[in-house]
Amino acid sequence: MAAEPQGELFKSAVVPVEIREHARVRRLTVRVYPGGRVTVTVPKGTSPAQVQRFVTRHQDWISRKVAQFSLDEDYELPTSIELPSTGDTWIVHYRSGRPGFRVVADRVLEIRHADEDREMAHRALAAWAIAEARRSLEPWLAAVSAETGLVYRDVHWRRQRTRWGSYSRSGTLSLNVAVLFQPPEVVRYLFVHELSHTRHMNHSASFWKLVESHEPDYRSLDRQLTEGWRLVPSWLTARPSP
Ligand SMILES: [Zn+2]
């Protein structure tokens, strides 16, 4: 999806800002993700001074957003989980016991953790989300692959804050488990997008043409996916993968 993070950190007054150079963008844009990570996307060749001016100009907005998201870090552990991707609503029970999760009945999830250990409960929830993505989304991915004739070798599910998916030359798709919280048409679009990378390892015109041939509405779905982070609950995004 997005350009590979450049790994370069840019010091703003309050938080580190990650700069991403992107050949296709015309303007500088700033985004703050749940968890408080800040990225600035810049056209190729933008000078550090230009970036600094841009960050300074938007400093107040960035600080406000980061503060807002750190409040969200005080998330509540969910007692029910709605998954737009599948239309399912799961009920969640918490018990003390050996840490982990168990599906105890149809769409009833039991999370076990040591008393008051939120971090442990949190980790068990995240592990369940990955198991649920495997169970409910992988057959669907396989169906889209069969339908489009775009073949992959393997799929890995990850918890990431900034990327929805990627494809490696070895034939492995990496998909963000947060896609569980996107509506079905957006999930299918992500599948088509990443599968199309099996033919084109870039975002060239031929790549988009291939995407379009399988999903004519791809522009609006791509926008929905970009904005889809707001549908993802804090308990899933609050911390990076263990
Ligand atoms: Zn892509």
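Which residue in E6 is the bridge partner of serine 80? The partner is isoleucine 91. The views below come from a predicted model.

**View 1. Strands E5 and E6 form a hairpin.** E5 and E6 run antiparallel, and four bridges join them. One of the bridges pairs serine 80 with isoleucine 91 of E6. Four residues lie between the two strands. In this turn sits glycine 87, with a positive phi of about 80°.

**View 2. Four strands build an open sheet.** Read across the sheet, the order is E5-E6-E8-E7. The pairing is mixed. Strand E5 (80–83) and strand E7 (100–105) are the edge strands. Each of these two pairs on one side only. On average, neighbouring strands are turned by 30° against each other, direction ignored.

**View 3. Inside the sheet, E6 runs parallel to E8.** Six bridges join these strands. Look for valine 92: its bridge partner in E8 is leucine 109.

**View 4. Strand E7 pairs with E8.** E8 covers residues 108–113. The two strands run antiparallel, joined by five bridges. Find glycine 100, then its bridge partner in E8, arginine 112.

**View 5. Arginine 107 sits in the loop between E7 and E8.** Most residues other than glycine have a negative phi. Is arginine 107 buried, exposed or partly exposed? Arginine 107 has 14 C-beta neighbours inside 10 Å, so it counts as partly exposed. The cut-offs explain this: a buried residue needs 20 or more such neighbours, and an exposed one has 12 or fewer.

**View 6. Helices H3 and H4 cross.** H4 spans residues 184–196. The two axes come within 10 Å and cross at roughly 55°. The helices are therefore oblique to each other. H3 passes H4 in a right-handed crossing. Which residues of H3 meet H4? They are Leu137, Leu141, Val144, Ser145 and Thr148. On the H4 side, they meet Val187, Arg188, Phe191, Val192 and Leu195. The residues of this contact divide into seven nonpolar, two polar and one charged.

**View 7. Glycine 149 lies in the loop between H3 and strand E9.** E9 covers residues 154–158. Glycine 149 has 10 C-beta neighbours inside 10 Å, so it counts as exposed. Now locate serine 196. Serine 196 and glycine 149 are 47 residues apart along the chain. Their C-alpha atoms are separated by 9.8 Å.

**View 8. Helix H4 also packs with helix H6.** H6 spans residues 218–226. How are H4 and H6 angled? They pack at an angle of about 105°, with their axes 9 Å apart. The two helices are therefore roughly perpendicular to each other. H4 brings Glu185, Val186, Tyr189 and Leu190 to the contact. H6 brings Tyr218, Leu221, Asp222, Gln224 and Leu225. Here the residues divide into six nonpolar, one polar and two charged.

Notes: Residues numbered from 1 in each chain as written. Predicted model: local features only at pLDDT ≥ 70, side-chain atom pairs only at ≥ 80, totals over all residues. Pairing = 2+ DSSP bridges. Axes fitted to C-alpha atoms, helices over the stretch in contact; angles between N-to-C directions. Parallel < 35°, antiparallel > 145°, perpendicular 65-115°, else oblique. Left-handed = near helix turned anticlockwise from the far one by under 90°. Contact = placed C-beta atoms within 7 Å. Nonpolar A, V, L, I, M, F, W, Y, C, P; charged D, E, K, R; others polar.
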